[in-house]
Amino acid sequence: MSIQWNGVMPAVFTWLKESKSGALEIDLDITQKQAAVILKAQGKGGSRMSGLVGSGTLGENSYLSAKQRLSLLKSLSEVAKEYNVPLISGAAAETKEELAKIIEGLATVGVDTVMVMPPKTKAVPSEKEMYEYYALSETTAKDAGVTIMPYNNPDAAGYHALSTDLLKRLSVLPKVTALKISTIDVSIIETLMLENKKLKILAGVDTVTVYAGLAGASGGITGVGTIFPKASVTMQEYVLNGEWAEANKISQALNSLSYLDAQPLLMEYLKLAMGIHHNDVAGGLRTFGKKLTQQQIDDVRARYILAKERLEVLDLIS
């Protein structure tokens, strides 16, 4: 599949249910249905989401076994094919050899592009080690018939930052078709675009969608857009058309909720907001992650209500 990397792509939640024994398990049916609803949504300009991200940070990736992850992605690949969009998922490992095996596995279940996180090591890798880690992933991707997207997430605890020089080197590898930059420091995007105006960069933090577009990003991967897809797609339409004032109105309307996308418990917070949006609070609170306090639950609800009220004024609730 030829991917243009223009537009916004939702990082969908992995919905869970209780098994007969009371343990939590993946509800593939609901997860598929919610993904389809998001991909059906249209912006005011008539465009839709341009990809589907499954089993990412918001999809409880770090809590799933390899078997669960592949099963989930196989089911989401059916939805992606139905709506003719690429399926994207993430991969991270301690060693480049382990990473290669993960990429090979993802390719077997319909994943088109793998977002490759830096190595999960306590010690900071050298530039040489980091490059070799990504270079092997690129070679593996070529053999497996997929592409990769180096994922720089320096603001998140536990992830090593990719230097701008390294990102430049990686961007020219044949199977690297885009970069994902998840940071509020959009000057990184601007610096990279000044070096190569043809580069495709996706922003990974909802609060900076407009600013990332100004810096040269061609699109983004969104968490808030899974809850309010019409608003997210419309905002990206304005960004791509250079209608910054209109895009900023939507960014401001989403601000109370977008704020949560840059917090350590973003998955738990935004999943609850999704549950509130679909009148399924209990489902939104089912997670393999951390349990929220009542104060946190009340805060998320208040932030969701405020965003919804602001978006209703703009006619952006689908």
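Begin by selecting tyrosine 151, which at 7% relative accessibility counts as buried (buried means under 20% relative accessible area, exposed over 50% and partly exposed in between, with a 1.4 Å probe and protein chains only). The model on your screen is predicted, so local features need pLDDT of at least 70 and side-chain atom pairs count only at pLDDT 80 or more, whereas totals for chains, interfaces and linings use all residues. Residues are numbered from 1 along each chain as its sequence is written, and side-chain values use heavy atoms, with hydrogens and water left out.

**Stop 1: Tyr151 and Lys180**

Tyrosine 151 sits in strand β7; helices (H or I, at least four residues) and strands (E, at least two) are DSSP runs, numbered from the N terminus. Now show the surroundings of tyrosine 151: leaving out residues up to four places away in sequence, tyrosine 151 touches Thr57, Met115, Val116, Met117, Pro118, Tyr134, Leu162, Lys180 and Ser182, where contact means heavy atoms within 4.5 Å.

From that list, select Lys180 next. Lysine 180 belongs to strand β8 (residues 179-181) and is buried, with a relative accessible area of 5%. Not counting residues up to four places away in sequence, lysine 180 touches Met115, Met149, Pro150, Tyr151, Asn152, Leu202, Gly204 and Ile221.

What does the UniProt record say of Tyr151 and Lys180? In an unreviewed entry, the annotation "active site" covers both Tyr151 and Lys180; UniProt positions are given in the numbering used here, feature names are shortened, and annotations may be inferred rather than shown by experiment. These two residues span 30 residues in sequence, yet no two of their C-alpha atoms are more than 4.7 Å apart, so they gather at one spot.

**Stop 2: Ile221**

Move on to isoleucine 221, which the UniProt annotation "binding site" covers, again in an unreviewed entry. Isoleucine 221 is found in strand β10 (residues 219-222) and, at 6% relative accessibility, counts as buried. Apart from neighbours within four places in sequence, isoleucine 221 is in contact with Met9, Ala11, Val53, Met115, Met149, Lys180, Leu202, Ala203 and Gly204.

**Stop 3**

Select serine 232 in helix α8 (residues 229-240), where the residue is buried, with a relative accessible area of 6%. Its contacts, leaving aside neighbours within four places in sequence, are Val8, Met49, Thr222 and Gly225.

Then go to asparagine 61, in the loop between β4 (52-53) and α2 (66-82). Asparagine 61 is buried, with a relative accessible area of 18%, and, leaving aside neighbours within four places in sequence, is in contact with Ser55, Gly56, Arg69 and Gly90.

**Stop 4: Ala156**

Is alanine 156 buried, exposed or partly exposed? Alanine 156 is partly exposed, with a relative accessible area of 24%, and lies in the loop between β7 (147-152) and α5 (164-171). If you draw a distance from its C-alpha atom to that of threonine 191, 35 residues apart along the chain, the separation is 21 Å.

**Stop 5: helices α10 and α12**

Finish by displaying helix α10 (residues 266-277) with helix α12 (residues 294-313), whose axes come within 9 Å and cross at roughly 60°. Axes are lines fitted to C-alpha atoms, for helices over the stretch in contact, and angles run from 0 to 180 degrees between N-to-C directions. The two helices, α10 and α12, are therefore oblique to each other (angles under 35 degrees count as roughly parallel, over 145 as roughly antiparallel, 65 to 115 as roughly perpendicular and the rest as oblique). To see the contact itself, select Tyr269, Leu272, Ala273, Ile276 and His277 in α10, which meet Gln296, Ile297, Val300, Arg301 and Tyr304 in α12.
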